[in-house]
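Let's take a walk through this structure together. Keep the model open beside the text and look up each residue as it comes along.

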Amino acid sequence: MRSLGYLRRSIPSYRHLRINHSQNFIDPDTMQLLQTHSAPGHKNLRIFTRNESSFVPRKVLIVTKLSRYHFEKMQKPELNENQLKLRLMERGYDYNAMIASHMATKAVESQVTEVLRQMNVEYKIVNRTNLDQSLFTWADLILPIGGDGTFLLASNLIFNNNKPIMGINSYPDKSEGYLMLSAKYTRNIPEIFKMLKIGHYDTLMRRRIRITLMGKEIWAEPFHLHEKGRIVGADKVFAEWKFENYDRNKLPQERRLPWLALNEVFMGETLSARTSSLLVKLDEEEKYHKVKGSGLCVSTGTGSTSWYRSMHSLSHQTVREILKLADSGRQFNNDEVDKICTTFNSGLRFDAEDLKLCYSIRDMIVTNAVPIPKLMHPRGFCAKITVRSQCNDASLVIDGGIAIPFDYGTIAKVEIFPEDSLQTITLSD
């Protein structure tokens with residue numbers, strides 16, 4: 001969305017005003033504000049609003065969460081409800097909590113489809129088991145319903161920066177849903193589409209990570225990490241990326257991966273107990289730095305609120321121990337410790353639209369035999385990072401879901417470009 005230009009600069013407290021051009025009129029509330037706060041010397045306000053427009057989607061693809069309850073029911077269709085309940089409880093699951101989460105998602109899905117029917121908007125519904133790439137091309141709005149995992153699943157199948165996505169948190173009581181609309185919209189679904197229609201929305205261009213692999217073993221088939229626990233539709237995600245009928249010796253030794261990472265890319269040994277050995281160089285450096293640890297994580301601004309933050313956040317215990325070392329004679333109270341933690345932890349976050357990456361070497365090993373590489377810190381910013389695997393059984397994992405083998409000798413070039421951004425619709429909280 002473009003701004004109202006001079007009007008917004010003249011009236012900063014009303015920066016979210018929009019004009020409804022689909023019906024060529026200004027809504028009453030906005031008209032009252034304009035009449036009360038019109039800019040002196042500029043009576044013809046249309047010159048400031050001609051670029052504003054509403055958004056009424058014509059084709060919506062709903063990507064709904066596959067609940068644990070639904071999955072278990074799919075796995076055991078021969079069981080009636082009581083039998084399924086007993087089976088889940090015997091395995092230690094909280095049956096009532098599973099049902100509550102499932103029903104919450106279905107209720108939001110039902111409300112959304114009812115609103116779309118009333119608007120005469122065509123829609124289709126998919127989940128992890130029946131993903132179809134052609135539907136992502138067909139739709140002019142991608143609408144994940146669930147939590148951040150569902151949003152990430154949908155975003156992995158959007159390959160350009162002009163396909164808008166907007167997520168609805170189906171169960172905000174139990175899910176923070178950082179990537180989704182705020183909880184108030186879950187309780188008022190019609191308001192979402194009303195705000196789109198009258199133009200009360202903004203667009204956030206979330207940066208994403210592009211990965212290029214180089215080497216001889218770069219055409220191995222990907223797999224989804226969900227396969228390790230529940231096999232659900234991975235073949236749908238990867239149907240177009242299988243190479244059984246090709247002579248791999250004749251395939252190119254450079255491959256740009258078709259998936260873009262919204263949160264982060266992780267590189268390291270698949271078995272987490274193993275030490276990951278990697279050669280790393282930042283930006284335009286000529287020489288690699290050898291690092292050892294529990295793997296390398298490269299995050300975007302969007303991902304800086306996720307795994308990146310959890311890796312680097314300071315705890316109250318750590319801060320107290322450091323303060324005691326700094327001043328053993330003073331007792332710091334809880335408020336002082338909490339302020340330090342809050343200030344440091346909030347400072348880890350950076351803007352989702354920033355064209356920079358933040359790398360993190362997890363549990364970086366530093367000994368006399370393995371000194372800290374010169375100019376290589378455990379975390380830092382860069383525009384590009386190149387990683388050469390020295391691992392025996394490693395994976396490159398995109399957004400905690402899609403995994404590609406990343407074994408010894410394979411090189412990954414990790415970059416960020418504006419044209420790879422994800423166009424995310426946001427509404428005011």
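A word on the ground rules before we set off. This is a predicted model, where local features need pLDDT of at least 70, side-chain atom pairs count only at pLDDT 80 or more, and totals for chains, interfaces and linings use all residues. Residues are numbered from 1 along each chain as its sequence is written, and side-chain values use heavy atoms, with hydrogens and water left out.

Let's start at strand S10, which covers residues 276–282. Helices (H or I, at least four residues) and strands (E, at least two) are DSSP runs, numbered from the N terminus. How many of the residues of S10 are buried? Seven of its seven are, where buried means under 20% relative accessible area, exposed means over 50%, and partly exposed is in between (1.4 Å probe, protein chains only).

Who are the partners of S10? Strands of a sheet pair through backbone hydrogen bonds, either parallel or antiparallel. Here, two strands count as paired if DSSP finds at least two bridges between them. S10 pairs with S11 in the antiparallel sense over five bridges, and Leu278 has Val291 of S11 as its bridge partner. Between these two strands the hairpin has six residues, and Asp283 takes a positive phi near 50 degrees there. S10 is also joined to strand S15 (residues 384–389) by five bridges, again running antiparallel, with Leu282 standing opposite Ile385.

Lys290 is partly exposed, with a relative accessible area of 47%. Its C-alpha atom is separated by 9.4 Å from that of Met376, a residue 86 positions away along the chain.

Within it, strand S16 (residues 394–398) and strand S17 (residues 402–405) pair antiparallel over four bridges, and Val397 has Ala403 in S17 as its bridge partner.

Next, the aromatic rings. A search of the whole structure turns up four aromatic pairs. Rings of Phe, Tyr and Trp (its six-membered ring) pair if their centres lie within 6.5 Å; planes under 30 degrees apart count as stacked, over 60 as edge-to-face and the rest as tilted. Phe55 and Tyr201 make a tilted pair, because their planes are at 55 degrees, with the centres 6.5 Å apart. Phe55 lies in the loop between helix H3 (46–49) and strand S1 (59–64), and Tyr201 in the loop between helix H10 (189–198) and strand S5 (202–206), so the pair ties together parts that are 146 residues apart in sequence. Both Phe55 and Tyr201 are buried.

Tyr69 and Tyr95 also have ring centres 6.5 Å apart, but their planes are at 75 degrees, so this pair is edge-to-face. Tyr69 sits in helix H4 (residues 68–75) and Tyr95 in helix H6 (residues 95–118), 26 residues apart. Both of these tyrosines, Tyr69 and Tyr95, are buried.

A charge sits over a ring if NZ of Lys or CZ of Arg is within 6 Å of the ring centre and within 35 degrees of the ring normal. Lys124 lies over the face of Trp138, at 4.7 Å from the ring centre, and Lys356 lies over the face of Phe381, at 4.2 Å from the ring centre.

Last stop: the pockets. The largest is lined by 31 residues, with Met180, Arg206, Thr426, Leu427 and Asp429 nearest its centre. On a 1 Å grid over the protein atoms alone, a pocket is an open set of points where a 1.4 Å probe fits, with protein on both sides within 12 Å along at least five of seven lines, and lining residues have an atom within 4 Å of a point. S5 and strand S19 (422–426) are the elements that give two or more residues to the lining of the largest pocket.
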